[in-house]
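Open the model in your viewer and keep the selection panel at hand. We will take it one stop at a time.

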Amino acid sequence: MENIILAENVEFSYPADPESGEEAALILKDVSMTIKKGEFVAVLGHNGSGKSTIAKHMNAILIPNKGKVYSNGIDTADEARIFDIRQHIGMVFQNPDNQIVATIVEEDVAFALENMGVPQEEMRKRVDDALKSVNMYEYREHSPSQLSGGQKQRVAIAGIIAMRPDCIVMDEPTAMLDPIGRKEVMKTIRKLNKDYGITIVLITHYMDEAALADRIIVMDSGKIVMEGIPKDIFSQVEKMKLLGLDVPQVTELMYMLKNDGFSADTHIISEEECADALYKLLA
Amino acid sequence: MAIIKTENLTYTYSVGTPFEKTAVNNVNLEIEEGELVGIIGHTGSGKSTLIQHLNGLIKPTSGKVYIDGEDIWSKDVKLRDVRFNVGLVFQYPEYQIFEETVYKDIAFGPKNMGLDDKEIEKRIYNITDLLGLGRENLKKSPFELSGGQKRRVAIAGVMAMQPKVLILDEPTAGLDPKGRDIILEQIKEYHRQTKSTVLLVSHSMEDVARFATKILVMNHAEVFCYDTPPKVFMRADELTKIGLSVPQITKVFLALREKGIDIRSDVYTTEFAVKTIKEYIAEHRRLPNA
């Protein structure tokens, strides 16, 4: 499979403080990763681990001090190609209110297309398709101010979808949402990945969201410390706790039962699997 | 006597307009002194409107609010005193920080209460230690601190007023698991040390299950239930039906019951789940296949 994001030995720090001349600490230390076309990858790590910083390297918001990032094959340090990169690699942020610019939902979704000079007819079609793909088509003539957080976040996602990107990088898109809003957004993310083949990079603090990904990358102090399928990552309960991260409650239960001498599989990450395993134990 | 009591409390927004909406409907609630109450309910269930009544930010459309036995809207009660007695920490309180040093920011509330400098200093040191903010940080600008630290500074400012009731609206929103655990532990420690009443609004059933002595569930502007965590989670089935996300563990035990295993359904923490499983096995005289 083709790589959509390729990071090679990336090092990054913000510029030195102009007043004190003090060198800023390295935020990314020798990070290398590949994201394949069509993959759904979750990036975990506690605050300050560098996970948002690597995300911002993926569509050239940040450029490495050392090393290289290639997005869709284009070197992100090539300033002339920055718009190509951003059309193909979209980004969604934490706060839905900071990402909405227009006073009508469909105008907001059309914003980037207008900047790109997409013809009127084509624009109409793309906006409608994008709104349908996030289940917000009926709200196209509403004002964003009357929408819930989850709905606003889906409008923000539609704005990216309308650009027909190959990949969407989401930096904690559900952090400010309630459980219902989170569910709506996660459903949308999975649909975009499975039905539309859009590559998803999801930065999150929620372990249940990461459990849905094809692959998980765990970051700590600017480095990648773990990488693998969700079952393998979460089964390492002690290591995850040392990194300041959680595992799903069901995995923790299996881990505790195992420690108490029961034969329990710590590769269990879903409720159904856990119920099945307990049923076998108890019936 | 209940420290917080509401009588037929009702609040309707935008009366007489097309947007008219009853956010709190005939709520009768009695919260005893010293409880740590977790308030749960989805967006629009009325929980934020309810807490804003408790320190007089909103005046009820009808009904009464009593704090420590006093009707807060009676003529003899000064609202200013009510607000000193009932401290409210909003969502994302770090956005409300404005002073030039951490010390001054925490001192803002106590100063407004008219306390002398010595008492203010004592309280600031106390709360700084309790929240693990580090006394060396007191001279710093709050804007030099990390997001999690800033939030604790903002919470410290309200705690330093030593209110009889402390209400926090989603104090862990947007934090990573470690930051969330730190804040919840500190709130628990504050509750333990001050023995005051603490109300905590949360979207996370898991968090509430671990910390609260009582849980208040709001649904469609009404109190769905107010009880101890085991009693609330016994109704896990109903909670799921009203769209609340019960802890993962609770769902697993509900699924086991559906599969025909006669096991209790009020399980909400992993520790308790392990205990329940062991008890079940012991009762059914089956040895674990260890």
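What pLDDT does chain B average? Colour by pLDDT, the predictor's confidence in each residue, from 0 to 100. Chain B averages 91, and 98% of the residues score at least 70. For the complex, the predictor gives an ipTM of 0.77 and a pTM of 0.82.

This is a predicted model: local features need pLDDT of at least 70, side-chain atom pairs count only at pLDDT 80 or more, and totals for chains, interfaces and linings use all residues. Residues are numbered from 1 along each chain as its sequence is written, while chains are lettered from A and ligands numbered from 1 in the order in which they are written.

**Stop 1: the two domains**

Select 2-246 of chain B for domain 1, then 247-284 for domain 2. These bounds come from an automatic or database domain assignment. The C-alpha centres of the two domains of chain B lie 32 Å apart.

Now find where they touch. In chain B, 11 residues of domain 1 are in contact with 8 residues of domain 2 (contact: C-beta atoms, placed from the backbone, within 7 Å). On the domain 1 side, helix 7 (205-211), helix 8 (229-233) and helix 9 (236-241) of chain B each give two or more residues. Helices are DSSP runs of H or I, at least four residues, numbered from the N terminus. Helix 7 of chain B gives the most, with 4 residues.

**Stop 2: the chain contact**

Show both chains. The contact takes 33 residues from chain B and 30 residues from chain A. On the chain B side, look at helix 5 (147-159), helix 6 (177-194), helix 10 (248-258) and helix 11 (270-283), which give two or more residues each.

**Stop 3: helix 11 of chain B**

Zoom in on helix 11 of chain B. Its 14 residues should span 20 Å at 1.5 Å a residue, and its end C-alpha atoms are 20 Å apart, which agrees. The expected span is 1.5 Å times one less than the number of residues.

Which residues of helix 11 of chain B are buried? They are Thr270(B), Ala273(B) and Ile277(B). Buried means 20 or more other C-beta atoms within 10 Å of a residue's own, exposed 12 or fewer, with C-beta atoms placed from the backbone. Look down the axis of helix 11 of chain B: the buried residues fall within an arc of 50°, so they line one face. The arc is that of the directions from the helix axis to the C-beta atoms.

Turn to the other side of helix 11 of chain B. Lys275(B), Glu279(B), Ala282(B) and Glu283(B) are exposed there. Last, show what the buried residues of helix 11 of chain B pack against: helix 10 (249-259) and helix 11 (271-282) of chain A, together with helix 10 of chain B.

Key. Contact = placed C-beta atoms within 7 Å.
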